[in-house]
Amino acid sequence: MKATSPVTFPALGTTATLVTSPPSAGPAALEVLKAELAAIDVTCSRFRTDAELVAVNRQAGRWTTLSPLLFAAIDVALQVCHQTDGAVDPTVGRSLQLVGYVRDFRRLDPDGPALQVELRPAPGVERVELDRTRRRVRIPEGTELDLGATAKAFAADLAARQAATRTGAGVLVGLGGDLSAYGQAPEAGWAVRVTDDHRGPEGSPGQDVWINSGGLATSSTTVRAWRRGGEALHHIIDPSTGRCAQGPWRTVSVAAASCVDANAATTAALVLGWRAAGWLEAQGLPARLVGHDGSVVTAGGWPTG
Amino acid sequence: MRRPAAQRRRDEGLARLHIIRRWIVVLSVSAAGVLSAVLSQALPGRAATPGSATPSSATGGHSGASTSVVPSLQPPSQAPSATPQTSTTLPPPPPVQSGGS
């Protein structure tokens, strides 16, 4: 069966992509995707003043009742923190602010004066309390949650699954280069180009691969990057230091059963640095790691070529 | 009127016994409390009532944390392939980019 050409549009401060197989499912799938994205944006954004997450951060120290969607998103973020041994931690919100990520990236100054702050480790999730019975959360005072490392992937999984269920078609959803595929894939599979920047021009250095289902995510320190006092900064925070991750890899791609798992692994790999390839191998996750010099290392059965 | 010596010794003995018994009670209560505290630290329990708030933390590092086991990250059912899954006469769909964002 044939797939549509990718439909792309701006969403969540990045680019959303949709492909369906057969093409006739496109309009209905697009409707589902747009509804999911609108819901995630008003729920999980750290930059919208009317976002539910902003209210939670503002009420740190007190119990806050959550919508089902934000409860699920925070639950996923806490699980991911556990699954990555703390390498992907949602309590890095304050650290991201301290390194200058204070507004939607499209409105962030690419350069600026040196930071005059003392960076500290993220508070950690041990004291984040999630009350499943009353669907509420309490975060410690001085802590800010940031769901940037998981919410996009979570939304991609939700939207792809719902669109596939509603249309009965194969659906591939991409959010900022994090992909989730549900339903019957095209005969040849879903064609994916892994590269440093999901908005890169055709022919950007990378690799073409085919997937059938599940998630494929790529994280990179070369995008969503800025400079302060000449220092290169980016959005991947090492929770153990509160600083931008400083590892040997500039870009990591991982395939997993879901986009959330794939994205958790790519972010963790950038934080883990030299230990990343062994960790990914042990998890059985196919991965492609690109060093700062462009050299490529693969793990977990990622295809070479 | 003076009590006989035997009666006096009996009363003094009973008084000593009363004091000893009181100390035994005090020490027993104290020991039970200490033992309870030690055991509650060593063998933490959890709330039995389903309606009570059971805060969960991702690391499960404190009492009252979620006891559910968090599954590890799940590999895909099939690793990506470097070539199309099947040869087809249909033109391949243009690739979707997966890159940093």
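Begin by selecting P22(A), which sits in the loop between strand 2 (14-21) and helix 1 of chain A, where helices (H or I, at least four residues) and strands (E, at least two) are DSSP runs numbered from the N terminus. The peptide bond that joins S21(A) to P22(A) is cis, with omega at about 10 degrees. The model on screen is predicted, so that local features are given at pLDDT of at least 70 and side-chain atom pairs at pLDDT 80 or more, while totals for chains, interfaces and linings use all residues. Residues are numbered from 1 along each chain as its sequence is written, and chains are lettered from A and ligands numbered from 1 in the order in which they are written.

**Two loops with positive phi**

Select next L12(A), in the loop between strand 1 (7-11) and strand 2 of chain A. L12(A) is not a glycine, yet its phi is positive, at about 50 degrees. Is L12(A) buried or exposed? L12(A) is buried, because 21 other C-beta atoms lie within 10 Å; the term buried requires 20 or more such atoms within 10 Å, exposed means 12 or fewer, and partly exposed covers the values in between, with C-beta atoms placed from the backbone.

K34(A) belongs to helix 1 (residues 26-44) of chain A, and its 15 C-beta neighbours inside 10 Å make it partly exposed.

Select helix 3 (residues 68-83) of chain A, whose 16 residues reach 22 Å from first C-alpha to last, close to the 22 Å expected at 1.5 Å a residue; the expected span is 1.5 Å times one less than the number of residues. Its buried residues include L70(A), I74(A), L78(A) and H82(A). Among the elements that cover the buried residues of helix 3 are helix 1, strand 4 (129-131), strand 5 (136-138) and helix 5 of chain A. After helix 3 comes D85(A), with a positive phi near 55 degrees.

Within helix 5 of chain A, select D157(A), which is buried, with 27 other C-beta atoms within 10 Å. Setting aside residues up to four places away in sequence, D157(A) touches S180(A), G215(A), S258(A), C259(A) and V260(A), contact being defined by C-beta atoms, placed from the backbone, that lie within 7 Å.

Which residues touch the most other members of the largest nonpolar core? In this core of 95 residues they are A160(A), W190(A), V254(A), A265(A), A269(A) and A287(A), a nonpolar core being a set of buried Ala, Val, Leu, Ile, Met, Phe, Trp, Tyr and Cys residues joined through C-beta atoms within 7 Å. Centre the view on W190(A), whose contacts, not counting residues up to four places away in sequence, include L172(A), W210(A), I211(A) and V96(B).

The axes of helix 6 (residues 259-272) and helix 7 (residues 276-283) of chain A come within 8 Å and cross at roughly 145 degrees; axes are lines fitted to C-alpha atoms, for helices over the stretch in contact, and angles run from 0 to 180 degrees between N-to-C directions. A265(A), A269(A) and L272(A) of helix 6 meet A276(A), W279(A), L280(A) and Q283(A) of helix 7.

**Chain B**

Chain B has 1 helix and 2 strands, and 38 of its residues are in contact with 72 residues of chain A. The largest share of the side of chain B that touches chain A, 5 residues, comes from strand 2 of chain B. The mean pLDDT of chain B is 68; among its elements, strand 1 has the lowest mean (46) and strand 2 the highest (78). Over residues 44-67 of chain B the pLDDT is below 50. Where pLDDT is low, the predicted coordinates should not be read in detail. The model scores ipTM 0.84 and pTM 0.78.

Note on methods:
Two residues are in contact if their C-beta atoms, placed from the backbone, lie within 7 Å. pLDDT is the predictor's confidence in each residue, from 0 to 100.
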